[in-house]
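Reader: I have a model open and would like to go through its side chains. Please take the questions one at a time.

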Amino acid sequence: MMRQSRCMLSRNFRLSLKYPSLVSYNKLPWEIVNHETPALHMHVAPYYEQIISLAATTAVPHLAHAKHQTVAEAQRLRALPGTLYLMKGGAQTPPGFTAHDVADSVALQYYGGLSGTVAPVAHVRLMVSDDLRLLCLAVTCAGAYRSVAPRSTLQQVGAAAERGDTTFTLYHYFRPNRPATELTRPLDKYYVHRPRANVLDAFASGSGWVPQLAVPTREKARAQLTPLPPYRPPQSYLMGLAERLAVIPGNSFGRRSNMWGHWF
């Protein structure tokens, strides 16, 4: 009996060493986006630029809201992740959230395309729920650079007003410590792919289409042969002199344990 219990203890000890409880095998930490790092803004900012530029040209359904959505706390974690909408005015903290300003210059640099071409970004805020299980990223823009189309979404949120406040805010809800694909998959539907048909105008005009080939330009500097790599003396002599072994740089030599060498 004593021997059997000792075997069981040793077996459990081996299992605990082989599968430690501190390691989670179903969550790969290098595939998860930490919201406290600039990686979150690196993945999300290009989508925000596309969404706001699309909202300036057409009326995107269910994108403009007058107030925050009222969701029961029991259903909030199931219904809100992936939700995105625009509201008029500055960043308003939803009920049950705490706002924190994003002041990291590395994180804010990813909004340079949005702030330089579509709409100037006033500030970015990250809102955390009280139970720490839900996040909301609020990007506040002061007006829009490009001309806002009539009856578009940006006109509904007051970005094209000639007088008064033209500030609007984009709200995006997501769960913390999730992979980047889960953050960006709900935003893929805002990419509108419309092929341009102006290339086919030459066929419709009736004139025969003639391919126009560009004349290849070759630079004399690039036309020369690639020079040989400069000779570097051996760094170690553990396996003899490279000159005596007739070693060619770049070839495999030496033992199988040191196949690619360490001289060149």
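**Side-chain pairs and surroundings**

Author: To begin with one pair in this predicted model, Glu182 and Arg178 form a salt bridge, and their closest N and O atoms are 3.0 Å apart.

Reader: Is Glu182 buried, partly exposed or exposed?
Author: The relative accessibility of Glu182 is 27%. Buried would need under 20% and exposed over 50%. Glu182 therefore counts as partly exposed.

Reader: How many salt bridges are there?
Author: One of them is the bridge between Glu182 and Arg178. Asp101 also forms a salt bridge, with Arg125. The count comes to two.

Reader: Which side chain of opposite charge is nearest to Arg76?
Author: Arg76 lies in helix H3 (residues 73–79). Arg76 is buried yet has no salt bridge. Its contacts beyond four places in sequence include Phe97, Ser129 and Leu134. The nearest side chain of opposite charge, 4.0 Å away, is Asp131.

Reader: Are the rings of Phe97 and Tyr173 stacked, tilted or edge-to-face?
Author: The structure holds four aromatic pairs. In the pair of Phe97 and Tyr173, the ring centres are 6.0 Å apart and the planes are at 70°. An angle over 60 degrees is the cut-off that applies, so this pair is edge-to-face.

Reader: In which strands do Phe97 and Tyr173 lie?
Author: Both residues are buried. They are 76 residues apart, and the pair links distant parts of the chain. Phe97 is in strand E3 (residues 97–101), and Tyr173 is in strand E6 (residues 167–174).

Reader: Which residues do ring pairs link into a cluster?
Author: Phe97 and Tyr173 both belong to the cluster. Its members are Tyr85, Phe97, Tyr171 and Tyr173.

Reader: What is the area of the nonpolar surface patch that includes Phe203?
Author: Phe203 is in helix H8 (residues 201–204). At 52% relative accessibility, Phe203 counts as exposed. Together with Leu200 and Trp209, Phe203 makes a nonpolar surface patch of about 380 Å².

Terms used
Residues are numbered from 1 along each chain as its sequence is written. This is a predicted model: local features need pLDDT of at least 70, side-chain atom pairs count only at pLDDT 80 or more; totals for chains, interfaces and linings use all residues. Side-chain values use heavy atoms; hydrogens and water are left out. Helices (H or I, at least four residues) and strands (E, at least two) are DSSP runs, numbered from the N terminus. Buried means under 20% relative accessible area, exposed over 50%, partly exposed in between (1.4 Å probe, protein chains only). Lys and Arg count as positive and Asp and Glu as negative; His and the chain ends are not counted. Contact means heavy atoms within 4.5 Å. Rings of Phe, Tyr and Trp (its six-membered ring) pair if their centres lie within 6.5 Å; planes under 30 degrees apart count as stacked, over 60 as edge-to-face and the rest as tilted. Patches are made of residues with over 30% relative accessible area and no salt bridge: like charges are joined within 9 Å, nonpolar side chains (Val, Leu, Ile, Met, Phe, Trp, Tyr) within 5 Å. Accessible areas come from the Shrake-Rupley method with a 1.4 Å probe; for residues, only the protein chains shown count as cover.
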